[in-house]
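These are my notebook entries on a structure that is new to me. I set down what I looked up, entry by entry.

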Amino acid sequence: MPVFSILGWTFFFWSNEFIGNKLEPIHIHVCKGKPSKNAPKWWVGYGRKTSLASFDNAERYGIKQSDKAEIEEIIKNNANLIIELWHEHFVGHDLEVHDSVK
């Protein structure tokens, strides 16, 4: 599971995220501290009008609006790296990926 930290936020991928038998579109989970299974995810690029959109559990996880803005700025500034790491971690393993990733 690739993990990196910036400004106290932990950014990571889970290795088993599928929609049916296809890997979900590119996204990254974000939390404070160690990776958490309930951490919200942000979709990154590919076929969206904006470069990212937050998943709806950010508020349930307790991420404030000001924190969301900081997280989104970090993701925007590192989108190419996130996409590259995602492809290295998932696509190189012959997994069937969601159509939005191709």
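**Entry 1: His 29.** I looked up the burial of His 29 and found 3% relative accessibility, so His 29 counts as buried; buried means under 20% relative accessible area, exposed over 50%, and partly exposed in between, with a 1.4 Å probe and protein chains only. His 29 lies in strand 5. Helices (H or I, at least four residues) and strands (E, at least two) are DSSP runs, numbered from the N terminus.

**Entry 2: Basis of the model.** I note that this is a predicted model, in which local features need pLDDT of at least 70 and side-chain atom pairs count only at pLDDT 80 or more, while totals for chains, interfaces and linings use all residues. Residues are numbered from 1 along each chain as its sequence is written, and side-chain values use heavy atoms, with hydrogens and water left out. The pLDDT is the predictor's confidence in each residue, from 0 to 100. I found a mean of 76 for the protein, with 71% of its residues at 70 or more. Confidence is highest in strand 2 (residues 9-12), at a mean of 92, and lowest in strand 7 (residues 52-54), at 60.

**Entry 3: Strand 5 and its partners.** I asked how far strand 5 is enclosed: five of its six residues are buried, so strand 5 is largely enclosed by the rest of the structure. Strands 2 and 5 run antiparallel and are joined by four bridges; two strands pair if DSSP finds at least two bridges between them. Across this pairing, Trp 9 stands opposite Lys 32. Strand 6 also runs antiparallel to strand 5, with three bridges between them, and His 27 stands opposite Trp 43 there. I checked both faces of strand 6 and found them covered, with Lys 41 and Trp 43 buried on one side and Trp 42 and Val 44 on the other.

**Entry 4: The largest nonpolar core.** A nonpolar core is a set of buried Ala, Val, Leu, Ile, Met, Phe, Trp, Tyr and Cys residues joined through side-chain atoms within 4.5 Å. The largest one has 20 residues, and among those touching the most other members I list Phe 11, Val 30, Trp 42 and Ile 71. Helix 2 gives the most to this core, with five residues. Beyond its neighbours within four places in sequence, Val 30 is in contact with residues including Trp 9, Phe 11, Trp 42, Ile 63 and Ile 75.

**Entry 5: Two further residues.** Trp 86 is placed in helix 2 and counts as buried at 1% relative accessibility. I found Trp 86 and Ile 26 to be 60 residues apart in sequence and 6.9 Å apart in space, C-alpha to C-alpha. Leu 7 sits in the loop between strand 1 (3-6) and strand 2 and is exposed, with a relative accessible area of 61%. Its phi is near 50°, a positive value in a residue other than glycine. Most residues other than glycine have a negative phi.

Notes
Contact means heavy atoms within 4.5 Å.
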